[in-house]
Amino acid sequence: MNSDEQKKLLRMMLLIRRFEEKLVDLSKDPQKLSGMMIVCTGQEAISAGVGAALEADDVIISNHRSHGHLLAKGAEPDLIMAEIFGRRTGYNKGKSGTLHIAVPEVNALCTTTVVGGGIPIAVGTAFAMQYRQKNDVTVCFFGDGAADEGSFHEALNLASLWNLPVIFICENNVYAGAQRQEEHARIKDVAVRAAAYAMRSEIVDGNDALAVHQAARKAREDCLSGAGPVLIECKTYRWGGHSTTDHQLYQPANEIARWKERCPILKLKASLTRTGALTNQQVERLEKEAGQQVEHAVQFALDSPWPAPEEALEDVYV
Ligand SMILES: Cc1ncc(C[n+]2csc(CCOP(=O)(O)OP(=O)(O)O)c2C)c(N)n1
């Protein structure tokens with residue numbers, strides 16, 4: 001990745017961080033933003049690194065921690081924000097809210113909060129790609145908790161059997177809800193499960209955007225060369241609670257502090273300034289621009305109309 005591409009990566013992580021910090025802040029007052037927010041603070045390198053490895057026609061399938069995935073796939077911050085605010089101008093006309101946003105415009109086809117539910121869907125879209133002889137891949141994001149669901153195992157088995165162009169991205173952020181990984185599985189690394197399906201797997205530092213990007217790029221090449229699907233386990237950490245309504249009493253303060261020292265944004269920032277690719281002033285400008293983009297998105301959402309009551313049943317299939 002050249003330094004311009006790395007700067008884009010940093011810019012994306014900053015956007016995701018600011019975007020979600022704003023959501024967390026606004027949701028403290030239900031008059032400003034109602035509902036709980038599920039954010040990926042601390043995990044931004046995964047969305048940004050994978051997003052930068054994909055092409056426009058590649059598909060992503062996301063889960064409840066979706067904002068970063070969507071932004072990194074190219075969704076417009078204004079339209080995501082409007083959706084989260086439930087406004088008519090949002091990507092789903094205000095009907096999905098924060099947890100079910102789909103952005104077919106950028107091939108972010110589905111966000112599902114059914115834990116593990118997106119994994120077989122990704123296998124389905126990858127099957128369609130193979131059947132139609134497309135040169136595209138599907139990426140599925142999920143957590144370590146989802147890897148304990150039956151759907152994970154069935155989906156990996158079929159993906160391997162049919163050699164489908166699908167990349168499974170497990171964001172192992174130590175917790176599934178309030179449970180640490182060792183409380184819900186005996187294995188230390190989710191990646192070892194790929195062997196049961198004769199699938200290649202890789203463990204990467206999920207706080208290193210460049211490493212994530214490299215692994216995703218390589219997995220994409222593997223998929224397209226017919227070498228089959230790949231499982232990438234990104235080791236990372238959820239800085240906050242499961243959602244904004246979780247007081248994270250089960251997360252030791254020193255553990256959070258240790259992981260904050262390994263902030264993915266600080267890491268890339270330090271590397272870019274060390275090599276001279278960016279000055280501190282340029283970094284500050286990037287941070288300011290990300291903040292402005294988010295403020296613009298909030299204003300856009302606030303200026304947007306609510307959906308009309310008679311629209312409630314439009315676009316509803318069942
Ligand atoms: C099938 C199903 N079971 C339980 C839940 C409740 N639930 C929502 S998120 C979550 C934890 C998921 O953990 P993980 O897959 O590791 O993702 P993370 O939240 O850590 O990103 C649970 C249990 C759900 N939404 N769907």
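Which residues of H1 and H4 meet each other? Select Leu15, Phe19 and Leu23 in H1, then Pro77, Ile80, Met81 and Ile84 in H4, and you have the two sides of this contact (contact means heavy atoms within 4.5 Å).

Before moving on, a word about the model. It is predicted, so local features need pLDDT of at least 70 and side-chain atom pairs count only at pLDDT 80 or more, while totals for chains, interfaces and linings use all residues. Residues are numbered from 1 along each chain as its sequence is written, and side-chain values use heavy atoms, with hydrogens and water left out.

**Stop 1: H1 and H4**

Helices here are DSSP runs of H or I with at least four residues, numbered from the N terminus. Show H4 as residues 77-84; its axis lies 12 Å from that of H1, at an angle of about 20°. Axes are lines fitted to C-alpha atoms over the stretch in contact, and angles run from 0 to 180 degrees between N-to-C directions. That angle makes H1 roughly parallel to H4 (under 35 degrees; over 145 is roughly antiparallel, 65 to 115 roughly perpendicular and the rest oblique).

**Stop 2: H1 and H2**

Now select residues 3-26 for H1 and 44-53 for H2: their axes come within 9 Å and cross at roughly 135°. H1 is therefore oblique to H2. To see the contact, pick Leu9, Met12, Met13, Ile16 and Arg17 of H1 with Glu44, Ala45, Ser47, Ala48, Gly49 and Ala52 of H2.

**Stop 3: H1 and H10**

On the H1 side, select Ser3, Gln6, Lys7, Leu9, Leu10, Met13, Leu14 and Arg17; they meet Pro264, Ile265, Leu268, Lys269, Ser271 and Leu272 of H10.

**Stop 4: the ligand**

Finally, centre on the ligand. Of the 15 residues around it, His64, Arg65, Thr113, Gly145 and Tyr175 come nearest (a residue counts as near if one of its heavy atoms lies within 4 Å).

- From a polar side-chain atom of His64 to an oxygen atom of the ligand: 2.7 Å.
- From a backbone N or O atom of Thr113 to a nitrogen atom of the ligand: 2.8 Å.
- From an N or O atom in the side chain of Asn173 to an oxygen atom of the ligand: 3.0 Å.

Note on methods:
Polar contact = N/O pair within 3.5 Å; in protein donor to acceptor, adjacent residues only side chain to side chain.
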